[in-house]
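Q: I would like a close look at one part of this model, and then at what surrounds it.

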Amino acid sequence: MNIFEKTHEMGHEQVNFFHDPTCGLKAIVAIHNTTLGPALGGARMWNYASEEEALIDVLRLSQGMTYKAAIADLNLGGGKAVIIGDAKTQKSEKFFRSFGRFIEGLGGRYITAEDMNTSVKDMEHVKKETDFVTGISRALGGSGDPSPVTALGVYVGIKAAAKEKLGLNSISGLKISIQGLGHVGQYLAEYLHKDGVELFVTDLEEERVKAIVKRFDAKAVGLDEIHALDVDVFAPCAMGAIINDKTIPELKCTIVAGAANNQLAVPDIHGAQLKKRNILFAPDYAINSGGLINVSNELEGYNRERAFNQAEGIYDILMAIFKRAKEKDIPTNIASDILAEERIRDIAKLKSFYLAKRKSFVIRKS
Ligand code: NAD
């Protein structure tokens with residue numbers, strides 16, 4: 001891969017490599033765009049097959065964070081870190097303190113957080129070396145588990161989609177299927193049940209299904225059936241790429257709206273195919289931005305009520321996306337990308353002038 005060509009093509013500002021042989025740390029931080037503020041994104045640990053695979057992953061993920069922060073109206077840019085290694089054997093205090101020093105060295109242009117295979121505890125080691133870290137425990141003044149806030153965002157996002165597609169002010173009586181009853185799926189089921197929704201659920205873990213069936217009078221369905229049920233809304237809350245060549249012809253829902261990241265296997269193709277089938281898609285990175293909203297609140301001194309209130313704003317964000325998609329007759333995922341890009345472009349065009357005192361780590365109020 002030609003790194004310079006690739007990062008230019010994808011619009012990255014900076015890519016940083018760090019190696020500490022004393023503890024075995026190998027990490028890459030990609031800062032995609034900081035027009036709106038410091039780049040925030042989690043640190044993922046994975047046993048990548050090659051350094052190139054790790055680099056491609058961090059470039060793609062950091063670009064995604066730029067769009068997520070921009071559409072969520074946050075004053076943050078997009079960034080991400082990948083740590084190359086085995087999360088089962090390589091983690092230690094020194095490992096994450098070394099990572100923390102690396103982050104500190106970036107001077108606040110990138111703020112890290114937990115992600116796949118990194119935990120709150122790991123971030124607390126990072127915190128010993130830098131303040132440019134979020135996602136620490138509530139006990140230490142952090143924001144804790146983001147899932148309830150993410151679920152609230154998905155819930156209001158489903159309501160926005162029901163308003164747009166079905167003209168409904170209430171989702172009571174609708175049939176909704178949830179794929180995945182993990183952190184987000186469980187809270188989502190609770191919100192929907194309270195609102196009088198008829199639930200259909202599945203998960204790889206039978207115990208999780210049993211618990212939700214019992215608590216919320218949900219119907220358990222098979223793993224391969226969930227996307228093809230005759231329901232109003234299909235809510236993917238497990239893994240990515242669930243909307244693909246195989247599943248699209250089998251969908252019977254009118255709305256796809258869930259928490260999972262990267263739901264469209266090939267966004268350009270599958271977003272358009274959903275539109276063609278007259279199925280409304282709530283763009284994943286917009287509807288699931290509650291997690292980022294939650295963690296971003298940590299930067300201003302965490303206030304849970306404020307985080308929840310902000311996540312309720314996802315309703316209006318989705319309505320704006322749907323409006324643009326309708327006006328331009330384009331798929332909703334494209335409309336979302338355009339709105340995010342417009343916000344960044346607008347802020348980038350603001351008149352600039354010398355500011356005598358500009359802290360490197362300021363979250364500007366919009
Ligand atoms: P999780 O790991 O807690 O839960 C995922 C659940 O999906 C698990 O119970 C797992 O058993 C189940 N699952 C996996 N494969 C499945 C399959 N093929 N069929 C049915 N169930 C399956 O994850 P989470 O935190 O609840 O997140 C869910 C999704 O939302 C992920 O894609 C995640 O990236 C995304 N997301 C989460 C947050 C958050 O705040 N947690 C924020 C933004 C996006």
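At the start of helix H1 (residues 3–10), which side-chain oxygen reaches to the backbone nitrogen of Phe-4, and to within what distance?

A: A side-chain oxygen of Asn-2 reaches to within 3.1 Å of the backbone nitrogen of Phe-4 at the start of H1. The model is predicted: local features need pLDDT of at least 70, side-chain atom pairs count only at pLDDT 80 or more, and totals for chains, interfaces and linings use all residues. Residues are numbered from 1 along each chain as its sequence is written, and side-chain values use heavy atoms, with hydrogens and water left out. Helices (H or I, at least four residues) and strands (E, at least two) are DSSP runs, numbered from the N terminus.

Gly-11 follows H1, with a positive phi near 85 degrees. Strand E1 (residues 14–20) and strand E2 (residues 25–33) run antiparallel, joined by seven bridges. Two strands pair if DSSP finds at least two bridges between them. Phe-18 has Ala-27 in E2 as its bridge partner. Four residues separate the strands of this hairpin, where Gly-24 takes a positive phi near 85 degrees.

Now the domains, whose bounds come from an automatic or database domain assignment. Domain 1 covers 3–57 + 76–137, and domain 2 covers 147–344. Their C-alpha centres lie 28 Å apart. Contact means heavy atoms within 4.5 Å. On that basis, 10 residues of domain 1 touch seven residues of domain 2.

Next, a helix pair. Helix H2 (residues 51–71) packs on helix H13 (residues 332–348) at an angle of about 80 degrees, with the axes 8 Å apart. Axes are lines fitted to C-alpha atoms, for helices over the stretch in contact, and angles run from 0 to 180 degrees between N-to-C directions. H2 and H13 are therefore roughly perpendicular to each other (65 to 115 degrees).

Last, the open sheet. Six strands run in the order E9-E8-E7-E10-E11-E12, with parallel pairing. Strands E9 (219–220) and E12 (280–281) are the edges, each pairing on one side only. Strand E7 (residues 175–179) pairs with strand E8 (residues 198–202) over five bridges. Thr-202 in E8 is the bridge partner of Gln-179.

Technical notes:
Angles under 35 degrees count as roughly parallel, over 145 as roughly antiparallel, 65 to 115 as roughly perpendicular and the rest as oblique. A polar contact is a pair of N or O atoms within 3.5 Å; within protein, one must be able to donate a hydrogen and the other to accept it, and residues adjacent in sequence count only if both atoms are side-chain atoms.
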